[in-house]
Amino acid sequence: MASALLVALVPGGRAAPAVQWFVGNDAPAWSPSGSSIAFTAFRRGHAGEIYVMRANGTGQRNLTRHPSYDDLAAWSPDGTRIAFTSNRNGNDDVYVMNADGSRQTRLTTAEAGDYAPSWSPDGRRLAFWSSRDGNPEIYTMAADGSDQRRLTFGPAPDQSPDWGPDGRIVFVTSRDAGNRTVLYVMNGDGSAQHMVTPASADWSESRPVWSPDGTKIAFVSSRDFPVDNTEIYEMNADGTDETRITRSPRRDDWPTWSPDGARIAFSHGALLTPEIYRINADGSGIRLLSRKKPVLESRFLLAPDPLAGRRYPVTLGVTTGTGASVQGATASCTATLGTTRLRLAARAFTSSRARCVWILPRTASGRLLDVTIGARLGDSTVTEGFRVGVR
């Protein structure tokens, strides 16, 4: 696993970098032509760099090639430029470069961080969010960095703007929402700000992106089981007719539409090891893009109450990130009573299940048993561990 820079997560964006272990691919952005997807890659110990790949996942190329943290790519409407966030000058700022990675240029120079650029439909301006006035707010500027204007004013954080094809901006805020985050829409000049999240919602919504025709908004919601899980949803631009797109107990995040509105690319997986996937807008046809080999995920864990002197079988259900069954993986198993590691009686991986069996000694009654069970397929591994008292 490589060392990389994981920025602290805030509602609707990223901020305040802190060194953590982070490996994977995240934050995709579909090009206007539909032929390419830009994304953030954490590879070979780098803190985060902007890559681009074909829409089928092939031809991956590093565009930024800088030891700093580069993230949150956004294509210009004509596909010739990419705006992004970088801390290469000691502060998080908005940069822009040609689509081939040349002419990387800094646009913002405020002492506070500037994040998450989004282009206006005509390509003349960029929206972004900044805490330069003491609180995260939405700003816009000309595409060359001049004429910076503040659009939101209030004590609640306003973040993660996305500029739609009809000139309106959708963004994330906690105003009128307590400890949760909701989605607001406003005109490109900051007027007519109003909430589109249902007023009765008791969950958080974030990462909004307009569909290419401006009729829908895809976003991330935390409403579904298990706790802290996030899924991709879409809704009409007025907040009606919310529809769930992804269905996984793992994190689904950072949606981006294909130009024809038929598909959505997104990041999926554990927080520190995400990968880029795509899915049809109706929720079918999920496909892994950012790597060739499948990524293993756990589905369920079956562990009966352990009884001293008896066989103790534990089963871990395994699937891939696309939901496909797993063949050819190997199981891994450990069980420990105190400092004594138990001898394994049986181990197998069949039909997408890892199964491990131990025989518990009669003296185990009343003691704590520590169990770890996992599976490996190529360089992808998944493990689950638990502690349980023996009867």
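## Basis of the description

Because the model is predicted, local features need pLDDT of at least 70 and side-chain atom pairs count only at pLDDT 80 or more, while totals for chains, interfaces and linings use all residues. Residues are numbered from 1 along each chain as its sequence is written, and side-chain values use heavy atoms, with hydrogens and water left out.

## Overall form

The protein chain contains zero helices and 34 strands (DSSP runs numbered from the N terminus, with at least four residues of H or I for a helix and at least two of E for a strand). Its C-alpha atoms fill a box of roughly 75 × 45 × 40 Å along the principal axes.

Of the 391 residues, 54% count as buried (buried means under 20% relative accessible area, exposed over 50%, and partly exposed in between, with a 1.4 Å probe and protein chains only). The chain exposes about 17000 Å², of which carbon and sulfur atoms supply 48%; accessible areas come from the Shrake-Rupley method with a 1.4 Å probe, and for residues only the protein chains shown count as cover. Among contacts (heavy atoms within 4.5 Å) between residues at least 6 apart in sequence, 39% join residues at least 24 apart.

## Nonpolar cores

In soluble globular proteins, nonpolar side chains tend to be buried together. A nonpolar core is a set of buried Ala, Val, Leu, Ile, Met, Phe, Trp, Tyr and Cys residues joined through side-chain atoms within 4.5 Å. The largest one here has 26 residues, and those with the most contacts inside it are Tyr312, Val318, Phe349, Trp358, Leu369 and Val371. Two or more residues come from each of strands S28 (311-320), S29 (330-337), S32 (353-359), S33 (368-377) and S34 (380-389).

Beyond its neighbours within four places in sequence, Phe349 is in contact with Val318, Val326, Ala329, Thr330, Ala331, Ala354 and Ala375. A second, separate core of 16 residues includes Ala27, Ala116, Val182 and Met186.

## Salt bridges

The whole structure holds 19 salt bridges (a side-chain nitrogen of Lys or Arg within 4 Å of a carboxyl oxygen of Asp or Glu). In one of them, the closest N and O atoms of Arg251 and Asp26 are 3.4 Å apart. Arg251 lies in the loop between strands S22 (243-244) and S23 (252-257) and Asp26 in strand S3 (residues 24-30), so the pair ties together parts that are 225 residues apart in sequence. Arg251 is buried at 13% relative accessibility, and Asp26 is buried at 1%.

Asp224 and Arg244 form another salt bridge, with closest N and O atoms 3.4 Å apart. Asp224 belongs to the loop between strands S20 (216-221) and S21 (231-236) and Arg244 to strand S22, so this pair links parts that are 20 residues apart in sequence. Shared partners also join Asp26, Arg207, Arg251 and Asp253 into one network of salt bridges.

## The loop residue Asn91

Asn91 is found in the loop between strands S8 (81-86) and S9 (93-98), and is buried, with a relative accessible area of 17%. Its side chain reaches the backbone oxygen of Ala110 at 2.9 Å. Not counting residues up to four places away in sequence, Asn91 touches Ser86, Ala110, Glu111, Ala112 and Gly113.

Note on methods
Polar contact = N/O pair within 3.5 Å; in protein donor to acceptor, adjacent residues only side chain to side chain.
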